[in-house]
Structure formats: structure tokens, C-alpha cells
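Hi there,

Here is the structure I promised to pass on to you. Have a look at it first, and then read my notes below.

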Amino acid sequence: MATVQQIVALIRSHARGDRERFARIAEQMAETAAGRGQEKIAAEIRALLREADASAGPVAKSRDPIPMLRPRGELVGVMSVANPDVRLSDMVLDDHLLARLRKIVKEQCERSKLEARGLQPRRKFLLVGPPGTGKTMSTAAVATELGLPLFTILLDGLITKYMGETASKLRLVFDAMSERRAVYLFDEVDALATSRATDNDVGEARRILNSFLQFLDEDRSTSLVFAATNHPELLDRAIFRRFNASLHFELPGPPLVRPLVESVLSNFDLDRIDWAAVTSGAANLSQAEIVRAADDAARDAVLDHDNVVDTELLLASLADSHRVRPLT
Ligand SMILES: Nc1ncnc2c1ncn2[C@@H]1O[C@H](COP(=O)(O)OP(=O)(O)O)[C@@H](O)[C@H]1O
Ligand SMILES: [Mg+2]
């Protein structure tokens with residue numbers, strides 16, 4: 001049997017979301033069991049641990065209260081923090097992208113295995129694709145799976161608001177990265193390149209870009225760096241090279257429309273929906289627009305249609321989404 005101390009330590013590490021410690025204690029328990037000739041129990045514990053690793057680890061996540069994490073001092077207004085709870089399994093993704101995201105998580109969860117062989121898990125990812133295709137959501141989901149907080153840096157705001165001090169603010173962000181292992185998302189990273197294109201302050205913009213590249217190069221932290229852009233064509237080629245991989249996000253293909261709608265309307269009876277019609281009604285809409293349309297249909301159903309979501313209602317909301325599309 002495991003000792004009482006082991007059980008207490010196990011529960012404590014679970015409560016604190018300390019995944020590594022949890023695994024270590026469980027492994028100790030397996031060893032104790034094996035030492036007593038309870039090979040079957042040892043094997044069962046180890047199999048459960050492997051399973052937990054493979055499915056991206058236990059649900060436990062950092063319960064660090066947000067106030068402790070909240071950016072202070074000079075980082076206020078530069079970075080925001082969240083403790084996300086959205087999981088990869090909550091998302092509707094094509095198999096390829098899902099597999100790539102799971103692999104990112106797995107490399108981190110099994111970091112020590114890689115390191116034992118002189119390998120490093122990849123940490124820097126560029127997310128490319130149109131607005132509303134799940135770049136931010138995927139980043140949040142990876143943070144959840146790893147039990148890490150998510151810090152978002154809004155470059156657009158950072159650059160316009162603090163033009164003269166952007167490089168030094170960026171340095172603070174990269175300092176934070178080494179101090180606190182977390183997921184850091186540089187949203188709208190193309191702002192770096194866009195500002196370069198404007199005539200005034202060309203020199204300053206170049207300096208900011210160069211600092212960004214240099215900080216990326218020098219970063220030896222264990223944090224994960226995600227950078228998202230809707231405009232890859234604006235990005236300096238040098239940026240691409242700094243990342244371990246780029247992930248491409250696209251508008252949902254026809255097979256994903258139904259699961260997207262179903263993910264929002266799980267409380268409704270959808271047996272009689274004409275999915276072919278709904279799928280064509282959703283053509284050219286992003287995941288975000290489809291989710292929003294399904295939400296609208298749900299509200300209409302509750303308020304005006306006796307809680308029934310039917311094809312007509314969905315098609316009407318999807319048509320509205322097409323109409324309210326911003327002209328970008
Ligand atoms: N793959 C997806 N599965 C489920 N919902 C999604 C997906 N992608 C986007 N959404 C919905 O759209 C919203 C906006 O997506 P977001 O991740 O912010 O897009 P992006 O960062 O690419 O502009 C999400 O909060 C979610 O409601
Ligand atoms: Mg986004």
C-alpha cells in the first residue's frame with residue numbers, strides 16, 4: 001500500500017495543478033508497490049500515468065489565483081493574463097491540425113523524456129490564418145492542457161501607444177517569459193511588419209522588429225511562445241525562421257460545419273436539421289461566425305420558437321452572419 005504521506009502529497013499536487021510532482025509521486029508509489037512484490041499494481045499505476053500523458057495529461061491545471069499573476073508595473077497595458085479552461089476537445093478542428101496541437105502538448109508533457117536524449121520540445125509557433133478560425137482559442141486550449149496561464153501581448157497597442165519605448169517594453173515581456181513558465185501569445189504579430197511599412201518612424205519600427213527577432217533568438221526560457229497573424233504576407237521573412245513551426249488555420253471545410261453547430265446547440269434537439277442546407281448556408285463563414293450564428297439561433301428559438309431550433313432558423317442566422325461581415 002501507498003503510505004499516507006504519499007497519498008496526501010498526491011492529492012496536494014493534484015489540487016495545486018502540479019502535474020510533474022503528481023507524476024513523480026505516482027511513480028514513487030509504483031516503485032513502492034513493485035518493491036513489495038505488487039507488480040500488478042505497479043504496472044497499473046504506470047499504465048495510468050502513460051495514458052494520462054498520452055491524453056495530454058490530467059485535467060488539473062494551475063489554480064494560481066489571477067491576482068498573483070497579473071502584470072504589474074511597466075507591464076500593465078502591455079500584457080494581459082488569463083487562466084483559460086477551454087480544452088482541445090472542446091474545439092472543432094480538422095484531424096491534421098488537432099494532431100499537430102496535441103503533439104505540441106505531448107512534447108511539453110514528456111519534456112524530460114526528450115531531454116534525457118538531448119532533445120528539446122519545440123516552444124515557438126506561428127499561427128497563420130483568417131480572423132475567427134481559432135488561433136487564439138487553440139493557444140488558450142494548449143495553455144489549459146498544460147495547466148499554464150496564458151499571457152497575451154497585444155503588439156498593435158504596444159507599438160502605437162509606446163512607440164518610443166516599445167523595444168524596452170518587449171524586453172520586459174521576454175524577461176517575464178524566463179521568470180514565469182507560461183504560454184505567451186503575441187497577437188497580431190504582423191503589427192511589427194505593418195508599422196515598418198509606414199513612412200514615419202521607419203527607423204524606430206526597424207529597431208523594434210530587430211529587437212523582437214533578437215529577443216526570440218536569445219530566449220532560453222521554458223515558456224511557450226505563440227504568435228498569431230491574419231496577414232502572413234506582411235511578415236518579415238526573418239520572423240518565420242525564428243519559429244519552430246507554423247500552424248495554418250483555415251475556414252472550416254464542409255465536414256466541420258455540422259460539428260461546429262452541434263457544439264453550440266448540444267441542449268437542443270437537432271434530429272430534423274437539414275445539414276446539407278445548413279452546410280451550404282455556412283459556406284465562406286469562419287468558425288467564429290458559425291458559432292455566433294448558432295448562438296443567435298438558440299436565442300431566437302428560446303424566445304420566439306418554443307425552444308425549437310430548425311433548419312430555417314439556422315439558415316436565417318447564417319444569412320445574417322454573411323450580411324454583418326466587416327469589409328476586411
Ligand atoms: N475550431 C473552433 N472550434 C470551436 N469554436 C471555434 C473554433 N474556432 C473559433 N471558434 C469560436 O470563435 C471564437 C473566436 O475564435 P478565435 O480563436 O478568437 O479566432 P482567431 O484568433 O483566429 O481570430 C472562439 O472564441 C470560438 O467561440
Ligand atoms: Mg485571435
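Let me begin with a contact between two helices: Gln6, Ile7, Ala9, Leu10, Ser13 and His14 in H1 meet Arg21, Phe22, Ile25, Ala26, Gln28, Met29 and Thr32 in H2, where contact means heavy atoms within 4.5 Å. By class, this contact of H1 with H2 has seven nonpolar, five polar and one charged residues. Here Ala, Val, Leu, Ile, Met, Phe, Trp, Tyr, Cys and Pro count as nonpolar, Asp, Glu, Lys and Arg as charged, and the others, Gly among them, as polar.

A word on where this comes from: the model is predicted, local features need pLDDT of at least 70, side-chain atom pairs count only at pLDDT 80 or more, and totals for chains, interfaces and linings use all residues. Residues are numbered from 1 along each chain as its sequence is written, chains are lettered from A and ligands numbered from 1 in the order in which they are written, and side-chain values use heavy atoms, with hydrogens and water left out.

Back to that first pair. Helix H1 covers residues 4-15 and helix H2 residues 19-35; their axes come within 8 Å and cross at roughly 155°. The axes are lines fitted to C-alpha atoms, for helices over the stretch in contact, and angles run from 0 to 180 degrees between N-to-C directions. H1 and H2 are therefore roughly antiparallel to each other (under 35 degrees counts as roughly parallel, over 145 as roughly antiparallel, 65 to 115 as roughly perpendicular and the rest as oblique). Their crossing is left-handed, meaning that the near helix is turned anticlockwise from the far one by less than a right angle; clockwise would be right-handed.

Now for the whole protein. There are 16 helices and six strands, which are DSSP runs numbered from the N terminus (helices: H or I, at least four residues; strands: E, at least two). The C-alpha atoms fill a box of roughly 70 × 60 × 35 Å, taken along the principal axes. Of the 328 residues, 45% count as buried (under 20% relative accessible area, with exposed over 50% and partly exposed in between, using a 1.4 Å probe and protein chains only). The domain assignment gives domain 1 (4-54), domain 2 (73-248) and domain 3 (254-323); such bounds come from an automatic or database domain assignment. Between domain 1 and domain 3, the C-alpha centres lie 45 Å apart.

Helix H13 (residues 254-264) packs with H15 at an angle of about 45°, with their axes 9 Å apart. That makes H13 oblique to H15, and the crossing is right-handed. On the H13 side are Val257, Leu260, Val261 and Val264, which meet Gln287, Ile290, Val291, Ala294 and Asp295 in H15. This contact has seven nonpolar, one polar and one charged residues.

Which residues might you click on next? Asparagine 284 lies in the loop between helix H14 (275-281) and helix H15 (287-304), and its phi is near 70°, a positive value in a residue other than glycine. Asparagine 284 is exposed, with a relative accessible area of 56%. Aspartate 306, in the loop between H15 and helix H16 (311-324), has a positive phi too, near 50°, and counts as exposed at 71% relative accessibility. Arginine 111, in helix H6 (residues 111-116), counts as buried at 14% relative accessibility. Leaving aside residues up to four places away in sequence, arginine 111 touches Glu20, Pro121, Arg181 and Thr222.

Enjoy exploring!
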